[in-house]
Amino acid sequence: MPVTNKTEVWLRGSLPGILPALQPVAHALLQTREEMNRLMEGFPETMLWQQPAGTASVGFHLQHMAGVLDRLFAYAKGRSLSETQINQLAAEGRGEAGDTAPLQVQGFARQVDLSLTQLINTSAGELFETRGVGRAQIPSTVMGLLAHAAEHTMRHLGQLLVTVKVVRAAAE
């Protein structure tokens, strides 16, 4: 559904049910979803896996952004990655039959919804609890993982924006 509010998400006020400390995380995820929807509208499928100058493709960024949220939010829950998550990580950047831009955008939107639900269910008392990351169980905190999920997603949104513009310009 198109967003008609042109004010950035962080300027629209607090989101109900989410701790004040986690508002920036929620705002970043919602802003990313809105910008991705606008950016990817009408994007040609033939350009999805192009890698201009050897950079990551549009398809990779779409897959990776959803995957990062899934993995980092799993770690924030204190979970190790499932076999499915590990397989999805290994497959990022490879197009599968039927793997279209609209499906990837929808997948990211679903992951944002799941992430927001987790933010709603995150208590203030757990924000600074230690969580292990990866096979090595490198220590982080719930807050650190959630903040990194937001900034990493926004970083890839910027890369996605540039890549979309480059591949579209090259086709003109």
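Which residue forms a salt bridge with Glu 129, and how far apart are the closest N and O atoms? The partner is Arg 131, and the closest N and O atoms are 3.1 Å apart. Before I go on, a reminder that this is a predicted model.

Let me stay with that pair for a moment. Arg 131 has a relative accessible area of 13%, so Arg 131 is buried. Glu 129 is at 35%, and therefore counts as partly exposed. The pair also belongs to a network of salt bridges that links Glu 126, Glu 129 and Arg 131.

Now the wider count. A search of the whole structure finds six salt bridges. I will go through two others.

The next one is between Glu 34 and Arg 12. Their closest N and O atoms are 2.8 Å apart. On accessibility, Glu 34 has a relative accessible area of 11% and is buried, because the cut-off for buried is under 20%. Arg 12, at 32%, counts as partly exposed.

Next, Asp 113 and Arg 33. Here the closest N and O atoms of the salt bridge are 2.6 Å apart. The two residues link distant parts of the chain: Arg 33 is in helix H1, Asp 113 is in helix H4, residues 101-120, and they are 80 residues apart. Is Arg 33 buried or exposed? At 18% relative accessibility, Arg 33 counts as buried. Asp 113 is at 39% and counts as partly exposed.

As background to these contacts, side chains of opposite charge can pair when their charged atoms come close.

Last item, the nonpolar surface. Which residues make the nonpolar surface patch of about 220 Å²? The patch is made by Leu 161, Val 162 and Val 166. Val 166 is placed in helix H5, which runs over residues 142-171.

Definitions and conventions:
Residues are numbered from 1 along each chain as its sequence is written. This is a predicted model: local features need pLDDT of at least 70, side-chain atom pairs count only at pLDDT 80 or more; totals for chains, interfaces and linings use all residues. Side-chain values use heavy atoms; hydrogens and water are left out. Patches are made of residues with over 30% relative accessible area and no salt bridge: like charges are joined within 9 Å, nonpolar side chains (Val, Leu, Ile, Met, Phe, Trp, Tyr) within 5 Å. Accessible areas come from the Shrake-Rupley method with a 1.4 Å probe; for residues, only the protein chains shown count as cover. A salt bridge is a side-chain nitrogen of Lys or Arg within 4 Å of a carboxyl oxygen of Asp or Glu. Helices (H or I, at least four residues) and strands (E, at least two) are DSSP runs, numbered from the N terminus. Buried means under 20% relative accessible area, exposed over 50%, partly exposed in between (1.4 Å probe, protein chains only).
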